[in-house]
Amino acid sequence: MSAAAPAPAAPPEYPEKIDAAVLKIAGVVVLGAIMSILDITVVNVALRTLQVDFAKDGVPLDYSTVAWTVTGYTLALATVIPLTGWAADRFGTKRLYMLAVGLFTAGSVLCATSTSIEMLVGFRVLQGLGGGMLMPLGMTIMTRAAGPKRMGRLMAVLGIPMLLGPIFGPILGGWLIDHYSWHWIFLINLPIGIVALGYAWFALAADRPHPSETLDWRGVLMMSPGLALFLYGVSSIPGEGGIGHTKVLLPGLVGLALIVAFVAYSFRPAHPLLDFRLFRNRNLTVAIITMFIFAASFFGGLLLIPQFLQQVQGETPLSAGWLMAPQGLGAMLTMPVAGALVDRFPVGRIVPFGLLLITGGMFALTQIEADSSHWGYLIPILFVMGLGMGGTMMPIMTSALKTLTHHEVARGTTLLNITQQIASSVGVATFSVILTNAFKDRPLVGQAGQYFEAVQTKGPEAAQGLVAQLPLVGQFLSQAGSDPQAAVAALGAKVADLAAGAYAHTFWFAAGFVTLTLVSAAFLPRKHEESHLLDDGADLDEVAPPAMLH
């Protein structure tokens with residue numbers, strides 16, 4: 001007589017209210033989110049400082065070079081996100097979360113010790129490998145602790161660092177740079193990381209690893225170096241003076257070939273690194289195309305604002321951080337409203353309004369000038385663009401995931417996160433190349449920068465001896481009149497106008513790209529569609545946590 005089959009384990013029961021046990025675990029996740037999101041925003045106001053501090057022979061670095069501190073970090077995020085699910089099953093969520101916090105903290109400290117831009121970019125990649133795991137792991141831990149029915153209320157708690165990061169990150173970064181040095185924007189993560197490690201050890205329950213899917217190592221070895229080589233080739237264009245150079249073509253073409261090979265290969269394995277078969281879902285395809293264009297143009301273009309404020313208008317990093325805050329405030333106002341509207345109206349009737357605000361703001365930035373008013377011009381534009389961002393990202397994510405079945409959501413979430421990170425990297429790299437080339441087309445800016453740097457560091461007399469090596473500066477000063485002080489002031493005003501023109505030129509490209517999102521957004525759903533996120537019979541372990549893009 002055969003033994004009876006064991007009864008299936010009953011699904012876990014969760015209390016209706018948010019209890020103390022869940023809030024204790026939520027505190028761990030919030031700490032990790034604060035570290036990851038703050039780090040992205042504090043670095044934005046430091047780029048101009050890095051250009052000057054890592055100057056070679058008195059010449060500040062090109063923007064396209066220091067932009068790799070952002071591009072390298074986001075590429076590392078994109079690389080590690082699809083590995084997180086496999087690694088959590090293989091090693092357990094608690095151990096992996098603590099490893100991610102440790103990697104991020106160690107990378108932060110190493111960043112602060114960098115003595116060259118190359119070292120800083122390398123350590124930023126290490127930081128990104130830890131930071132990329134923090135948010136997906138945090139969402140997984142919260143879903144298992146709270147259950148799907150309480151996740152909506154918990155997301156309101158977890159959304160706080162996501163909303164406050166763009167507001168206080170630039171301010172904190174500017175304050176640390178102004179009062180201490182750029183090294184402290186990374187050292188600030190050390191005490192937070194130590195507290196997060198101790199808290200995680202205390203609050204998270206030990207879990208047993210349950211290895212499931214095999215890792216798609218071939219996909220990893222094609223996607224990661226492919227993206228890095230392609231973007232390195234693109235970023236080398238300004239330094240080489242064009243596309244037809246070995247330093248541009250060789251890595252660019254090899255990277256492109258690896259990306260194409262990765263896409264073709266990904267249709268073969270049962271569990272690919274990125275499941276491109278999901279693009280059979282029309283809504284997911286349209287949402288991801290819209291997300292890619294939006295993220296590349298918006299995040300790539302917005303990164304230029306702190307640079308403009310410091311380089312052209314002479315603002316300190318702290319004042320530039322304060323001036324960036326209205327963008328975060330705008331997003332904080334519309335993000336919860338958009339989230340509520342998505343449940344009542346089709347996303348195709350919500351997203352275009354947000355995109356129109358962003359497009360209008362980006363076109364307004366094409367008219368930026370050296371003396372553009374803050375309160376009368378820049379702050380209203382940034383606030384309006386923030387309103388647009390808050391009304392765009394959550395509805396696009398919802399549209400992408402809403403019509404997927406429960407076993408597809410995890411892979412769809414991964415695709416969305418990867419899309420946003422890669423698009424941000426592409427946008428930053430592309431616009432940094434455009435801006436650097438715009439400055440090269442205005443050579444007086446570069447020569448005058450060397451002249452003013454010499455005035456500040458060596459004094460006016462020593463700088464005067466440098467004029468012979470800077471023919472455009474010498475020509476301008478000789479034509480500006482006999483009064484030396486008036487001539488130098490006129491040179492400063494002229495350079496500021498030329499530099500503002502370079503930024504305005506770059507914003508034309510950003511505005512053109514973001515306009516394309518209106519085309520793809522026209523194909524988003526304009527009628528209500530049923531959600532398949534929690535089909536009958538869905539196992540809780542198969543339901544992926546919500547995406548948390550940053």
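Helix H5 meets helix H9 through Lys 94, Tyr 97, Met 98, Val 101, Gly 102, Phe 104, Thr 105, Ser 108 and Val 109. The H9 side of this contact consists of Asn 189, Leu 190, Gly 193, Ala 196, Leu 197, Ala 200 and Trp 201. By class, the contact holds ten nonpolar, five polar and one charged residues. H5 spans residues 93-112 and H9 spans residues 189-203. In this predicted model, the two axes come within 9 Å and cross at roughly 170 degrees. Angles over 145 degrees count as roughly antiparallel, and H5 and H9 are therefore roughly antiparallel to each other. Their crossing is left-handed.

H16 passes H23 in a left-handed crossing. On the H16 side, the contact is made by Val 351, Pro 352, Leu 355, Leu 356, Ile 358, Thr 359, Met 362, Phe 363 and Leu 365. H23 contributes Ala 504, Phe 507, Trp 508, Ala 510, Ala 511, Val 514, Thr 515, Thr 517, Leu 518 and Ala 521. The residues of this contact divide into 16 nonpolar, three polar and no charged.

Both helix pairs belong to a protein chain with 23 helices and zero strands. Of its 550 residues, 53% count as buried. Among contacts in the chain with a separation of 6 or more, 83% are between residues 24 or more positions apart. Burial can also be followed within a single helix. H14 (residues 304-311) is mostly covered, with seven of its eight residues buried. The buried residues of H14 are Leu 304, Ile 305, Pro 306, Gln 307, Phe 308, Leu 309 and Gln 310.

A search of the whole structure finds three salt bridges. One of them pairs Arg 124 with Asp 39, and the closest N and O atoms are 2.4 Å apart. This pair links distant parts of the chain. Arg 124 lies in helix H6 (residues 117-146), whereas Asp 39 lies in helix H1 (residues 20-44), 85 residues apart. Arg 124 is buried, with a relative accessible area of 1%. Asp 39 also counts as buried, at 1% relative accessibility.

The side chains of Glu 118 and Lys 56 meet at 3.7 Å, N to O. Glu 118 lies in H6, while Lys 56 lies in the loop between helix H2 (47-53) and helix H3 (63-66). The pair therefore ties together parts that are 62 residues apart in sequence. Lys 56 is partly exposed, with a relative accessible area of 49%. That value falls under the cut-off for an exposed residue, which is set at over 50%.

The remaining salt bridge is formed by the side chains of Arg 277 and Asp 275, at 3.2 Å, N to O. Asp 275 counts as buried, at 3% relative accessibility.

Technical notes
Residues are numbered from 1 along each chain as its sequence is written. This is a predicted model: local features need pLDDT of at least 70, side-chain atom pairs count only at pLDDT 80 or more; totals for chains, interfaces and linings use all residues. Side-chain values use heavy atoms; hydrogens and water are left out. A salt bridge is a side-chain nitrogen of Lys or Arg within 4 Å of a carboxyl oxygen of Asp or Glu. Helices (H or I, at least four residues) and strands (E, at least two) are DSSP runs, numbered from the N terminus. Buried means under 20% relative accessible area, exposed over 50%, partly exposed in between (1.4 Å probe, protein chains only). Axes are lines fitted to C-alpha atoms, for helices over the stretch in contact, and angles run from 0 to 180 degrees between N-to-C directions. Angles under 35 degrees count as roughly parallel, over 145 as roughly antiparallel, 65 to 115 as roughly perpendicular and the rest as oblique. A crossing is left-handed if the near helix is turned anticlockwise from the far one by less than a right angle, and right-handed if clockwise. Contact means heavy atoms within 4.5 Å. Ala, Val, Leu, Ile, Met, Phe, Trp, Tyr, Cys and Pro count as nonpolar, Asp, Glu, Lys and Arg as charged, and the others, Gly among them, as polar.
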